[in-house]
Amino acid sequence: MSETAKLFAESLGDPTGAVVARAPGRVNLIGENTDYNDGLVLPTIVDRHVEVVARKRFDRKVRIVAADLGERCEQDFDGPVDYTGFGWLPYVLGVVHELAQRGRIECGVDIVFRGTVPRGAGLSSSAALEVATALALDAVFNLWLNPIDMARLCRDVEHRYAGVRCGIMDQFASRLGRPDNALLIDCRSLDARHVPMPLDNHRLVIVDSGVRRERVDSAYNQRRAEFEEAVTRLREADDSITSLRDVTLGMLAEHKNLLPPDLFVRCRHVISENNRVADACESLANGDLAAFGRLMNASHFSLRNDFEVSHPALDRLVEEAIQVDGVLGARLTGAGFGGCTVNLVTETALSDLKQRMQPLIDDWSLRSIVIRAPEKARVTEVIA
Ligand code: GLA
């Protein structure tokens, strides 16, 4: 029995019939703030995950235990529901209620979860929690949700219960990502393709700045609203435009006068970032990691200068990292304003990178992740 299942037995009783499911966090390699603009993204999964144990109840109670935090709540399946008690509550209870609202589950559940994805670091701990919960409930109630529908459901949970109007990248990557591959997602069509990463003697290294900005969610929602305004304005020139995906850099330059200057540069980031994702896939296909690294750097500078979601701590980490011989590229990853950088580095330069980063963060072993053997989302155990 897994450790989490043992914790289930200790806190909620007999685990017979319970399902254990896991979902990984993700790191976005390139394609930032493009998903909610119908654009392209290229995330991969990381060696950190959330594990959920869930079991059906025969009454209408929902009991949830956050094993790492020693927190616990009990609510009525039929509401009224209070999501404010714990930070994690919207993600877990949100999945339960979303499935209930869609008529897919009709009785209470017991859930225990714990995980290793750092929270608030831009590595999608909330998406991993949503996806692991959805996977466990899917197996408990035999729902047979297809993976893309599950990712969509988890994205909707984030919108409706956590109030973050995120795109679909995080939930999609956590649900569908595979080891040794990046996942190219076209966020307009939801077509996705696993892109092999010929890393050979290179590694992807995540470095956590430790900066956690409050009210990131409102800044994120605000950026998103700005793009709705930009599209409305650009439609004055061409009403076939339904999102920034329909706009090229040439068109943007032509219609510059329709946008206030700050909105113009934010759009420039999104459109150029889509181009960089396409180029990044090509460089992976050609085995040209140096070109991939240059695109990562260009993405960072665009996020810093045009999109303005960087932070001095992230800029410092990137500037120092790219000085190291053997670092091919570095950029902030995720929504920005804090969180992590992702670095592409030759294996032999790992210790130099560590030395360079060490003075900027408290503890390399706690604040870095070298991606080596991530595990894809799956049900790991059904307790007989
Ligand atoms: C957060 C959101 C994603 C995406 C990124 C920025 O992680 O949840 O949908 O927009 O920010 O690329």
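Ala349 sits in the loop between E10 and H11. Helices (H or I, at least four residues) and strands (E, at least two) are DSSP runs, numbered from the N terminus. The model is predicted: local features need pLDDT of at least 70, side-chain atom pairs count only at pLDDT 80 or more, and totals for chains, interfaces and linings use all residues. Residues are numbered from 1 along each chain as its sequence is written, and side-chain values use heavy atoms, with hydrogens and water left out.

Ala349 is buried, at a relative accessible area of 3%. Buried means under 20% relative accessible area, exposed over 50%, and partly exposed in between (1.4 Å probe, protein chains only). Not counting residues up to four places away in sequence, Ala349 touches Val324, Asp325 and Gly326. Contact means heavy atoms within 4.5 Å. The C-alpha atoms of Ala349 and Gly326 are 5.4 Å apart, although 23 residues separate the two along the chain.

Next comes helix H11, residues 350-357. Its buried residues are Leu350, Leu353 and Met357. Seen down the axis of H11, these buried residues fall within an arc of 60°, so they line one face of the helix. The arc is that of the directions from the helix axis to the C-beta atoms. The cover over the buried residues of H11 includes strands E8 (202-208), E9 (327-333), E10 (340-346) and E11 (368-370). Helices H10 (312-321) and H12 (364-367) are also part of that cover.

Helix H5 covers residues 169-176. Seven of its eight residues are buried, so H5 is largely enclosed by the rest of the structure. The buried residues are Met169, Asp170, Gln171, Phe172, Ala173, Ser174 and Arg175. They pack against strands E1 (19-30), E2 (40-56), E6 (181-186) and E7 (192-196). Helices H3 and H4 (147-162) pack against them too.

H3 spans residues 125-140 and holds Thr133. Thr133 is buried, with a relative accessible area of 0%. A polar atom of the Thr133 side chain lies 2.7 Å from the backbone oxygen of Leu129. A polar contact is a pair of N or O atoms within 3.5 Å; within protein, one must be able to donate a hydrogen and the other to accept it, and residues adjacent in sequence count only if both atoms are side-chain atoms. Leaving out residues up to four places away in sequence, Thr133 touches Val52, Val92, Val95 and Ile111.

Now the ligand. The residues around it are Arg26, Glu32, Asn33, Asp35, Tyr36, Cys166, Gly167, Met169, Asp170, Tyr220, Gly334 and Ala335. A residue is near a molecule or strand if one of its heavy atoms lies within 4 Å of it. This shell divides into five nonpolar, three polar and four charged residues. Ala, Val, Leu, Ile, Met, Phe, Trp, Tyr, Cys and Pro count as nonpolar, Asp, Glu, Lys and Arg as charged, and the others, Gly among them, as polar.

An oxygen atom of the ligand is 2.5 Å from an N or O atom in the side chain of Asp35. For the side chain of Arg26, the distance from a ligand oxygen to an N or O atom is 3.1 Å. A polar backbone atom of Asn33 lies 2.7 Å from an oxygen atom of the ligand. The protein covers 92% of the 300 Å² of accessible area that the ligand has on its own. Accessible areas come from the Shrake-Rupley method with a 1.4 Å probe; for residues, only the protein chains shown count as cover.

Last, Val382 lies in strand E12, residues 378-382. Val382 is exposed, with a relative accessible area of 58%. Apart from neighbours within four places in sequence, Val382 is in contact with Ala18 and Val19. Its C-alpha atom is 29 Å from that of Met169, 213 residues away along the chain.
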